[in-house]
Amino acid sequence: MENKLLNLYHDTGIYQLELGQFVMICVGLLLVYLAIKKGFEPLLLLPIGIGAVLVNIPGAGFMAAPVYDATGHMVSPGGLQYYIYHGGIETGLFPLIIFMGVGAMTDFGPMLANPKTLLLGAAAQFGIFATVIGAVLLSASGIMDFSLADAAAIGIIGGADGPTAIFVASRLAPDLLGAIAVAAYSYMALVPLIQPPIMRALTSKEERSIKMEQLRPVTKKEKIVFPIVVIILVAMFLPSAAPLLGMFCFGNLMRECGVVDRLSDTAQNALINIVTIFLGLGVGSKLSSEAFLNLETLGILSLGLIAFSIGTAAGVLMAKLMNRYSKEAINPLIGAAGVSAVPMAARVANKVGLEANKQNFLLMHAMGPNVAGVIGSAVAAGVMLSYVGG
């Protein structure tokens with residue numbers, strides 16, 4: 001009887017719980033708290049937090065791999081998070097489906113009405129490449145131990161695009177996926193706190209007060225042709241970016257063509273919501289104590305913040321340069337929206353502009369570089385995958 005009770009106690013999570021697992025369960029609960037109480041990217045942080053709690057429960061086997069005998073018959077099935085991660089994240093399936101849904105929710109109109117904003121979206125990606133160089137230098141100096149592939153995956157955080165960061169990390173640095181995903185979505189949620197000080201530091205009140213002319217109307221034909229052209233160009237010049245941009249443009253084409261409203265509605269709502277749940281649980285499965293509680297994680301969080309800050313600054317500075325040589329006035333604040341945190345970065349640019357001038361409405365103008373930032377981050381990801389992964 002005593003042996004049975006002892007065996008029962010040994011099977012409990014209390015007996016098997018290690019300090020690292022306890023810490024990561026607390027980290028998961030912290031993410032849940034931030035999602036519910038503070039509203040920080042709740043659609044992703046809530047399932048990521050719960051996923052982190054589940055994978056660190058000792059003995060539960062949520063991330064256990066299936067076991068086969070010598071004849072190939074399954075002795076023990078794998079855990080839920082094992083299949084979610086390997087079926088949807090390791091393959092890149094979930095990020096691509098989410099990109100399709102984001103495309104279906106995106107209006108290219110502001111960018112097409114002012115094509116110059118593509119330059120702002122491109123400039124904001126400078127943070128990605130600057131951070132890659134920084135990570136390599138840290139490794140060369142012996143401070144951190146990041147490979148070139150690790151550095152490339154970390155740098156993508158600077159694009160403030162969660163699905164892109166997950167897609168690249170799953171291919172180049174799967175061991176760092178959890179930290180990279182948490183950093184990417186955390187900084188996306190903190191856009192209203194991180195960006196305004198940088199924007200104010202790099203601009204004068206007069207520059208923030210600049211009013212921009214109303215955007216021209218964009219025809220339906222333009223909106224239909226643009227995603228098709230982008231798919232063809234990307235496929236020809238940068239095939240490694242085609243999965244992300246191809247699904248993004250496909251989703252947008254469903255939105256704009258007007259003949260598949262049911263498909264567009266599904267991509268925007270039911271499908272993206274279902275995949276978001278599984279994506280969060282899959283990312284949470286990589287937040288095990290052995291993978292997360294190390295010096296590398298602190299380095300990733302720090303480099304991610306640097307990447308995001310440099311991207312914001314580069315966008316603002318490019319907008320200032322364009323304003324100097326453009327016939328039409330350009331408010332430098334819209335350059336900060338070049339990071340692809342859609343539409344939060346555009347809302348922040350509009351808010352800071354209104355603080356300087358109550359009649360200054362920049363939201364639609366900022367949506368141009370904001371959408372361009374999505375394209376820019378996907379192109380940067382393609383470059384990384386081609387250069388490093390190839």
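User: Which domains is the protein divided into?
Analyst: The protein is divided into domain 1 (1–61) and domain 2 (86–389), with bounds that come from an automatic or database domain assignment. Residues are numbered from 1 along each chain as its sequence is written, and side-chain values use heavy atoms, with hydrogens and water left out. This is a predicted model, in which local features need pLDDT of at least 70 and side-chain atom pairs count only at pLDDT 80 or more, while totals for chains, interfaces and linings use all residues.

User: How many residues of each domain are in contact?
Analyst: In domain 1, 17 residues are in contact with 19 residues of domain 2, where contact means heavy atoms within 4.5 Å. The C-alpha centres of the two domains lie 31 Å apart.

User: Okay, helices next. At what angle do H4 and H18 cross?
Analyst: Helix H4 (residues 42–55) and helix H18 (residues 270–284) cross at roughly 40°, and their axes come within 7 Å. Helices here are DSSP runs of H or I with at least four residues, numbered from the N terminus, and axes are lines fitted to C-alpha atoms over the stretch in contact, with angles from 0 to 180 degrees between N-to-C directions.

User: Why are they called oblique, then?
Analyst: H4 and H18 are oblique to each other because angles under 35 degrees count as roughly parallel, over 145 as roughly antiparallel and 65 to 115 as roughly perpendicular, with the rest oblique. H4 passes H18 in a right-handed crossing, a term for the near helix being turned clockwise from the far one by less than a right angle.

User: Which residues meet there?
Analyst: Among them are Leu43, Leu44 and Pro47 in H4, which meet residues of H18 including Thr276, Ile277 and Leu279.

User: What about H6 and H16?
Analyst: The axes of H6 and helix H16 (residues 242–257) come within 6 Å and cross at roughly 35°, and this crossing is right-handed. By class, the contact of H6 with H16 has 12 nonpolar, three polar and one charged residues.

User: Where is phenylalanine 108, and is it buried or exposed?
Analyst: Phenylalanine 108 is found in the loop between helix H6 (93–105) and helix H7 (109–113), and phenylalanine 108 is buried, with a relative accessible area of 1%. Buried means under 20% relative accessible area, exposed means over 50%, and partly exposed lies in between, using a 1.4 Å probe and protein chains only.

User: What does phenylalanine 108 touch?
Analyst: Not counting residues up to four places away in sequence, phenylalanine 108 touches Phe226, Phe248, Asn252, Val371 and Ile375. Valine 371 is 263 residues away along the chain, yet its C-alpha atom and that of phenylalanine 108 are separated by 6.9 Å.

User: Changing topic, where is threonine 164?
Analyst: Threonine 164 is found in helix H11 (residues 162–172), and threonine 164 is buried with a relative accessible area of 0%. Leaving out residues up to four places away in sequence, threonine 164 touches Phe99, Ile156, Leu244, Ser377 and Ala381.

Definitions and conventions
Helix = DSSP H or I, 4+ residues; strand = E, 2+ residues; numbered from the N terminus. Nonpolar A, V, L, I, M, F, W, Y, C, P; charged D, E, K, R; others polar.
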